[in-house]
Amino acid sequence: MTKEKEVLSEGMKILGIDTSCDDTSVAIVEDGRSIQSNIISSQIELHKKYGGIVPELASRQHVELINYIIEEALQKADVNLTDLSAIAVTNRPGLIGALLVGVSAAKSLAYCCQLPLLGINHIEGHIYAPFMEHDQLTFPHLCLTVSGGHTLLVEVPEGWENYHVLGSTQDDAAGEAYDKVAKYLGLGFPGGKIIDDLAKMGDETAITFPRPMLNSGNYQFSYSGIKTSVRNFVEKATKNQELPSVEDIAASFQAAAVEVLVAKTIRATREKGYRTITLTGGVAANSLLRKEMEIAGEEIGAKVFYPSIRLCTDNAAMIAGLAYQKYCQGQRDDFDLNASANSEIV
Ligand code: KG4
Ligand code: ZN
């Protein structure tokens, strides 16, 4: 038997957990939008020396940290377990071992506190994030979700269900390309912010990298080719002793990566008749993407919304926030809730 709050829409505090990848995050969100705490413990230092996430290490680290992060989230929000109305957890998609840690913790909490349990899709969480900070966000809208694992153009109707995916990447995600290029250039991990910062000091016209699928006539993306072009260019230029500065390479790569994201999103906005665009996921933290999308959006009369940086990259606040909407729609999960790698959004 779980305790259900009688009033659904008021003062409902949900504890959310996200352990889908390399961040251990726990948040308390009231009524879907008011963030009482959003603790994010990054494992970057642990994975840095391997140049990417090592799944087994990520799971072990989540196990070490999860109880402390739950405690910290409660303390920061000044909330007791008895004040909570539900427990939400990312149960898909992600690294299976990592997801399982969050799912097990959420089940234990829900069972002990006799609270409703909700399994939440991580990508839907990203899509929800801009809504938490922008009252003016209207529906339906078009969402570009760009992270280390996903590059999706999604039509978002009112009601946080029945999403329609217009296009996705056929190979690497945009964030993955940033990470691989940074690794190749010896810049460190994760590469997105490092390249973003270096690019500000570089000349984006120094090298012309390809814009894959720019004119493909559909809404699909491809990011593995750009990465290979950067590698081939650097190899050749090094041999000929004509290697430009790393700032110029970063700026030129970023210009190519961002141009495709903006062009495809703007074309879809025009063709589908949208007036509102949202940017979400880790790559939505990118300064050039934000700027170029705003400029291009203004030209076609579309408003662009993106979350603050902390809500762009992985966080549990977006999970607890979306869980409130799902709770109000009647979602309740059983204790047989499982982790899944399935990335379908329904
Ligand atoms: O959403 P996220 O935290 O995790 C996934 O769900 O994948 O996204 C992480 C990705 C990484 O690939 C990282 O390099 C990229 O987001 N990223 C950025 C920036 N900040 C993070 N990419 C470009 N520019 C940034 N400023
Ligand atoms: Zn994510």
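Student: How much area do domain 1 and domain 2 bury between them?

Tutor: The size of an interface is often given as the accessible area lost when the parts come together. In this predicted model, domain 1 and domain 2 bury about 1400 Å² between them, and 74% of that is on carbon and sulfur atoms.

Student: How many salt bridges and polar contacts cross the interface of domain 1 and domain 2?

Tutor: Zero salt bridges turn up across that interface, but three residue pairs are in polar contact there.

Student: OK, now the inside. Which residues of the largest nonpolar core touch the most other members?

Tutor: That core has 48 residues, and the ones touching the most other members are L144, Y223, F253, L279, L289 and M293. Several elements each supply at least two residues, including β6 (141-146), α7 (224-239) and β9 (276-280). The helix α8 gives the most, with 12 residues.

Student: Can we zoom in on one? What is L279 in contact with, leaving aside its neighbours within four places in sequence?

Tutor: L279 has quite a list: P130, L144, A284, L289, R290, M293, V304, F305, Y306 and P307. Apart from this core lies another one, of 33 residues, with A88, I127, V156 and L311 among them.

Student: How should I read a helix, say α6? Which of its residues are buried?

Tutor: An α-helix has 3.6 residues a turn, so residues three or four places apart point the same way. In α6 the buried residues are G191, I195, D196, L198 and A199. Among what covers them are α5, α8 and α9.

Student: And a loop residue? Is S222 buried or exposed?

Tutor: S222 sits in the loop between α6 and α7. Buried means under 20% relative accessible area, so S222, at 11%, counts as buried. Its side chain makes a polar contact with the side chain of D171 (2.8 Å). Leaving aside neighbours within four places in sequence, S222 is in contact with T169, D171, P212 and M213.

Key:
Residues numbered from 1 in each chain as written. Chains lettered and ligands numbered in written order. Predicted model: local features only at pLDDT ≥ 70, side-chain atom pairs only at ≥ 80, totals over all residues. Heavy atoms only, no water. Core = buried A, V, L, I, M, F, W, Y, C linked by side-chain atoms within 4.5 Å. Buried < 20%, exposed > 50% of the residue type's maximum accessible area, 1.4 Å probe, protein only. Helix = DSSP H or I, 4+ residues; strand = E, 2+ residues; numbered from the N terminus. Contact = heavy atoms within 4.5 Å. Buried area = accessible area lost by both parts, 1.4 Å probe. Salt bridge = Lys/Arg side-chain N within 4 Å of Asp/Glu carboxyl O. Polar contact = N/O pair within 3.5 Å; in protein donor to acceptor, adjacent residues only side chain to side chain.
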